[in-house]
Amino acid sequence: MKTRYGFLALLLVTAAVGQKQSKPLVLEEQGSFFVGGETKTLPTPPSPPATERKTPPGPGRAFAGGDITINQMYVQYQIPVNGGRHVPVVMVHGCCLSSKTWETTPDGRMGWNEYFVRKDRPVYLADQVSRARSGFDPSAFNAVKAGTLPLDQLPNVLDASHQAAWSIFRFGPTYGTPFPDEQFPMQAVDELYKQMIPDLNGLLPTPNPTWTNMAALAVKLKGAVLIGHSESGFFPEQAAMIDPSGVKGIVSIEMPCVTTLKPAELSTLAKIPILVMFGDHLGDVHSDFNIWPAAFDSCNMFVKQVNQAGGDAQMMSLPMMGIKGNSHMLMQDKNNLQLADLILAWSDKHVEKKTGGR
């Protein structure tokens, strides 16, 4: 098994030489839209007594009450000329990031978005609900400021520091010291830090609206492969358990897996091909943030459970295949297109071949 994987890795490394694409990127269509969303009615706060007014009412008060839309998910897409031959791919980012994750790499190379499109896959990039262009529900912050909610109900906003990102993304054993074989382009790490933005998932209800919106997007596309990474790594499975009808395949990249699913939930997931992918150095980071050995173990257990339920789940451990040095940010690593080819080959065999493409 290791010999076969090692040979496959060698072939892919050879194929990855000269990644720069000289041909024009030809599209049939590109655009954007929103999925989901619900209306929330905000009360108009009472005006303070005239004696307490220091300034005339401004535009903030004019917008203080009424209906707002929350929990919508922004999606941008590109469809290549031959995209109708293949199942669309939906890519969802992780914690403290946006769909920029899948675009041009921090050091300026081609990202998975463009590469998958060049491989004739329609690609849909989603910003998680509560992030980036999807926006967030501000009402709790405003209510705390107005005094109608107590201070202890102020929602948490997560924003990862450079040091935390270094550890979680496994760039090296300690901050500032990369692994000798590190695949992330360390000369461009500051460009990655620029991509990191506040994460307001603490505002979200249960179930996470992103799960519901991903399932709805798959239905809208008449079938899709859902790809999740890190914080969203298990989101495709959660979406499929809400509505599996549009989910044709699942790719889960580096996250803790749920191993306490009920038999009916496992039965649902057993009908969908699932690929789980992990990079290197899972146990080599000296930090309290190192969740990866436990995450890897949980996903091995999850894969086993799905297969025992009659499913088609595969664990793809890159170092066990002879592909060394990959960080948590696989889609941005120096060998990112090699890894994309692995996913495409899996999809061709386990999704496209079974469904006949489009």
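Predicted model: local features only at pLDDT ≥ 70, side-chain atom pairs only at ≥ 80, totals over all residues.
Trainee: What share of the residues counts as buried?

Mentor: Of the 358 residues, 52% are buried. Buried means under 20% relative accessible area, exposed means over 50%, and partly exposed is in between, with a 1.4 Å probe and protein chains only.

Trainee: And what share of the contacts is between residues 24 or more positions apart?

Mentor: Such pairs make up 78% of the contacts with a separation of 6 or more. A contact is heavy atoms within 4.5 Å.

Trainee: Where does His281 sit?

Mentor: His281 is in the loop between strand 7 (274–278) and helix 10 (292–308).

Trainee: Is His281 buried or exposed?

Mentor: His281 counts as buried because its relative accessible area is 11%. Its side chain makes a polar contact with the side chain of Asp284 at 2.8 Å. A polar contact is a pair of N or O atoms within 3.5 Å; within protein, one must be able to donate a hydrogen and the other to accept it, and residues adjacent in sequence count only if both atoms are side-chain atoms.

Trainee: What else does His281 touch, not counting residues up to four places away in sequence?

Mentor: His281 touches Arg170, Phe179, Asp181 and Gly325.

Trainee: Switching to the second largest pocket. How much space lies in it?

Mentor: About 270 Å³. Of its 19 lining residues, Cys95, Leu158, Ile168, Ser230 and Glu231 are the closest to the centre. On a 1 Å grid over the protein atoms alone, where a 1.4 Å probe fits, a pocket is an open set of points with protein on both sides within 12 Å along at least five of seven lines, and lining residues have an atom within 4 Å of a point.

Trainee: Which helix gives the most to the lining of the second largest pocket?

Mentor: Helix 5 (residues 162–168), with three residues.

Trainee: Glu231 is among the residues closest to the pocket centre. Which side chain makes a polar contact with the side chain of Glu231?

Mentor: Arg131, at 2.9 Å. Arg131 lies in the loop between strand 4 (123–127) and helix 4 (139–146). A relative accessible area of 1% is why Arg131 counts as buried. Leaving out residues up to four places away in sequence, Arg131 touches several others, including His93, Cys95, Asp199 and Glu231.

Trainee: Where is Thr101 found?

Mentor: Thr101 is in the loop between strand 3 (89–92) and helix 3 (112–118). Thr101 is buried, with a relative accessible area of 0%. A polar atom of the Thr101 side chain is 3.0 Å from the backbone oxygen of Ser98. Beyond its neighbours within four places in sequence, Thr101 is in contact with His93, Gln195, Met329, Met331 and Gln332.

Trainee: On to the rings. How many aromatic pairs does the structure hold?

Mentor: There are 14 aromatic pairs. Rings of Phe, Tyr and Trp (its six-membered ring) pair if their centres lie within 6.5 Å; planes under 30 degrees apart count as stacked, over 60 as edge-to-face and the rest as tilted. Phe33 and Tyr77 make a tilted pair, 5.8 Å centre to centre with 45° between the planes. Phe33 is in strand 1 (residues 27–42) and Tyr77 in strand 2 (residues 66–80), 44 residues apart. Both Phe33 and Tyr77 are buried.

Trainee: Why is the pair of Phe234 and Phe302 edge-to-face?

Mentor: The pair is edge-to-face because the planes are at 75°, with the ring centres 5.1 Å apart. Phe234 is in the loop between strand 5 (224–229) and helix 8 (235–242) and Phe302 is in helix 10, so the pair ties together parts 68 residues apart in sequence. Phe234 is buried at 6% relative accessible area, and Phe302 is buried at 0%.

Trainee: How many residues of helix 8 are buried?

Mentor: Six of its eight residues, namely Phe235, Pro236, Glu237, Gln238, Ala239 and Ala240. Among the elements that cover them are helix 7 (209–220), strand 6 (247–253), helix 9 (263–269) and helix 10.

Terms used. Residues numbered from 1 in each chain as written. Heavy atoms only, no water. Points joined across faces, edges and corners; volume = space filled by probe spheres on them. Helix = DSSP H or I, 4+ residues; strand = E, 2+ residues; numbered from the N terminus.
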